[in-house]
Amino acid sequence: MTKATLKAAQKVYSGDCPGKIVFNGTITVNRPGTVSYIFTRSDGATDTRIKKLLFRAAGSKSVSTTWTLGGATLPNYKGWQAIKILSPNPLTSKHADFEVYCDPPANSAKAAHGNTDWHIDTANEFLFCQDMAGSTTTSNCAPAGWTKNHIHVGLTNTATYYNDKARIATGNDTDAGNGIDKPMLFFYAGHGNPTTWNTLGDNGHQTNLLLGNILGNGQLRYFWQCSCETFAHGPRVCSGGDCDYSEPENFDGSADSAAMRNVFERWGPVIGDDLRMACGVSTLAYCHEGNVNAIWNKFNNEGRSVAESFILGLGSSSVKPICMTRGGANIADTPLYDLTFTNRRNSSGSGYLHILYSGGTQTDPPLLVWRPDLIPRKLWRVRILPPGDPVEFKRRLVIRDKVEQLRDPQLAGASAIIKRNAEGGAVSLRAIGKAPRETARSVRTVADQRKTALEFVRRIGWLDKDAGAVQVTQMLSASMADTGTKSPIVHGKRDVVVSIIQRVRNGDQTIDVLGTGGQVSVTLAPSGEVLAAARAWRQTALTQEQVAIKPYDRAQQEAMKKLVNAAAYKLAAWRFGYKQPAASANRNELPVVYEFDFVPKDREKLLDYPPQQVEIMAEEL
């Protein structure tokens with residue numbers, strides 16, 4: 001025996017586990033003979049069967065072995081394997097070093113509640129479309145094929161399952177059953193403020209978290225939090241006695257304080273290198289079944305990207321969500337542009353922190369501003385017609401490689417892949433091309449973007465007699481170098497989302513449609529190319545039957561009775577109209593509803609009295 005060598009074919013393995021590591025080596029002799037050998041490795045295991053190689057002359061022969069390892073209890077490992085020669089003369093090769101880094105199970109999701117009021121239902125509805133009693137309450141939730149777990153049910157003082165050992169000795173965020181740092185996606189619903197959120201008796205704080213840190217056994221990829229102000233960013237804006245952090249675009253770079261919140265400072269250290277994104281809300285947040293339904297409707301039916309689904313689904317005129325990631329200098333290369341979920345690590349680089357949020361929505365004024373005295377006593381029942389493609393849309397359809405596509409010159413790449421919801425009739429388009437890199441001259445105004453979007457949906461037949469108000473939402477970004485000290489903030493504009501809201505003509509009144517359905521939306525690049533579009537819109541027809549409508553005062557009283565400690569709340573806004581459910585809800589009629597938004601009278605008590613949304617059926621029974 002003169003020499004033995006061994007190397008791992010893949011020195012660093014990253015991916016689904018268990019993973020198979022292949023080792024290739026050689027054994028060299030200087031004369032004929034038989035060599036006896038085994039493989040040894042870093043965990044102390046050795047071969048139980050002695051292997052033999054017959055050499056008829058001096059030379060080298062190849063050997064190989066494998067080691068399959070990694071999983072839920074061993075998400076990362078650094079080890080080695082070696083050849084141990086037993087005879088004719090003892091010899092051990094140098095160690096073949098290798099590393100294993102396991103990704104979380106693909107399409108795995110956990111949800112937890114921080115309070116045992118309606119938030120426990122919200123966490124369950126996020127995953128299963130059902131409340132804790134088993135009643136189906138939403139039509140959209142995490143996809144059916146995912147592995148889903150509602151954790152912390154029946155537990156108290158669960159902050160330990162959010163905390164990381166690298167930050168606090170009692171941290172247990174990698175616990176196999178209840179740790180939040182183990183699945184691909186984690187969702188929280190509960191009470192919060194900029195620095196605290198409830199965890200069933202105690203509280204969570206950013207300073208105790210470190211998410212997606214694989215060397216500490218953390219594997220999380222997406223952290224989503226529905227909680228008031230935990231992602232507060234920008235100046236404290238006060239209006240009418242209420243103060244909130246509703247203007248992230250006006251952040252001035254100051255250190256985090258009550259007057260100027262800094263999400264980079266509070267959440268930057270929380271985001272491990274492997275976490276793809278963390279999302280939360282800068283303002284107050286409504287965390288009911290309708291809110292999580294809207295998030296998943298954006299993803300399931302409208303084909304929105306991961307970050308957009310959270311931001312646009314949870315957001316409204318008073319709710320400002322934010323998504324954040326770590327990466328290189330170019331935000332377009334980061335997971336904030338993820339079109340779908342993945343269990344792979346964030347490989348977009350380092351050195352910068354990036355956020356994405358909506359910069360406000362411009363909406364056409366309603367045809368009618370409701371007052372209690374304007375509520376009609378009767379309305380006609382409205383049927384929803386079966387879904388179907390307009391003639392103009394059908395003319396543009398092609399099949400390429402067995403994939404249904406739509407062709408139109410305004411689409412990036414002039415074509416888009418079509419995704420359909422067979423049950424509810426929703427249709428979404430995702431352009432196959434990318435918009436060219438914009439320049440200062442190529443960026444269009446919001447007015448031009450609105451015009452382009454309306455031209456597109458009209459040309460493909462997606463506008464009909466029920467077309468109503470137009471909303472234009474500008475997606476904004478902000479980036480800064482992650483230097484640990486104050487650094488310049490670089491602001492940017494991403495896509496523009498133009499939505500058309502359905503209206504129903506009922507006698508001499510035209511009424512805006514509420515809900516996640518009844519919308520057509522178009523996403524445009526800054527330079528005007530159509531990147532995506534969606535239609536969750538069923539045509540309507542009046543019946544010959546009228547519905548008696550309950551008065552506003554009675555509806556508001558019913559809503560107040562559903563509040564926990566109604567004396568602590570005041571009415572922030574209310575809406576009235578027909579409600580179009582999300583596209584996957586297969587219904588034949590539009591119900592008439594009141595929607596009430598309640599906020600705490602004292603905004604400093606969000607932990608005790610979080611905002612609540614209450615829906616009341618408007619039909620007299």
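Helices here are DSSP runs of H or I, at least four residues long, numbered from the N terminus. Keep that in mind for this tour of a predicted model.

**Stop 1: helix α6**

Select Gly461, which follows α6. Its phi is positive, near 80°. Now step back to α6 itself, residues 446–459. Its 14 residues should span 20 Å at 1.5 Å a residue, and the end C-alpha atoms are 20 Å apart, which agrees. Show the side chains of Gln449, Thr452, Ala453, Leu454, Phe456 and Val457: these are buried. What covers them? Look for strands including β26 (403–407), β29 (467–481) and β30 (490–506).

**Stop 2: helix α7**

Move to residues 552–561. Tyr552, Ala555 and Ala559 are buried in this helix. Turn the view to look down the axis of α7: its buried residues fall within an arc of 65°, so they line one face. That face packs against β35 (569–578), β36 (592–600) and β37 (612–617). On the other side of α7, color Gln557 and Lys561, which are exposed.

**Stop 3: the largest nonpolar core**

Select Phe126, Leu185, Trp224, Met277, Trp296 and Phe341. Of the 42 residues in the largest nonpolar core, these touch the most other members. Which helix gives the most to this core? It is α4, with 6 residues. Center on Trp224 next. Among the residues it touches are Phe126, Phe187, Cys279, Ile295 and Phe310. Another core, of 29 residues, lies apart from this one; select Ile151, Met324, Ile355 and Tyr357, which are among its members.

**Stop 4: the disulfides**

Show the cysteines. The count comes to 5 disulfides.

- Cys129 to Cys141: S to S is 2.1 Å. Both cysteines lie in the loop between α1 and β11 (147–151), so the pair ties together parts that are 12 residues apart in sequence.
- Cys226 to Cys287: S to S is 2.0 Å, and the link is left-handed, with -100° about the S-S bond. Cys226 lies in strand β16 and Cys287 in the loop between β21 and α3, so this pair ties together parts 61 residues apart in sequence.
- Cys238 to Cys243: the sulfur atoms are 1.9 Å apart. This link is right-handed, with 110° about the S-S bond. Cys238 is partly exposed, at 47% relative accessibility, while Cys243 is buried, at 14%.

Finish on Cys228, which is in no disulfide. The nearest cysteine sulfur is that of Cys287, 6.5 Å away. Is Cys228 buried or exposed? Cys228 is buried, with a relative accessible area of 3%.

Terms used:
Residues numbered from 1 in each chain as written. Predicted model: local features only at pLDDT ≥ 70, side-chain atom pairs only at ≥ 80, totals over all residues. Heavy atoms only, no water. Buried < 20%, exposed > 50% of the residue type's maximum accessible area, 1.4 Å probe, protein only. Helix = DSSP H or I, 4+ residues; strand = E, 2+ residues; numbered from the N terminus. Arc of directions from axis to C-beta. Contact = heavy atoms within 4.5 Å. Expected span 1.5 Å × (residues − 1). Core = buried A, V, L, I, M, F, W, Y, C linked by side-chain atoms within 4.5 Å. Disulfide = S-S within 2.5 Å. Lists of a residue's contacts leave out its neighbours within four places in sequence.
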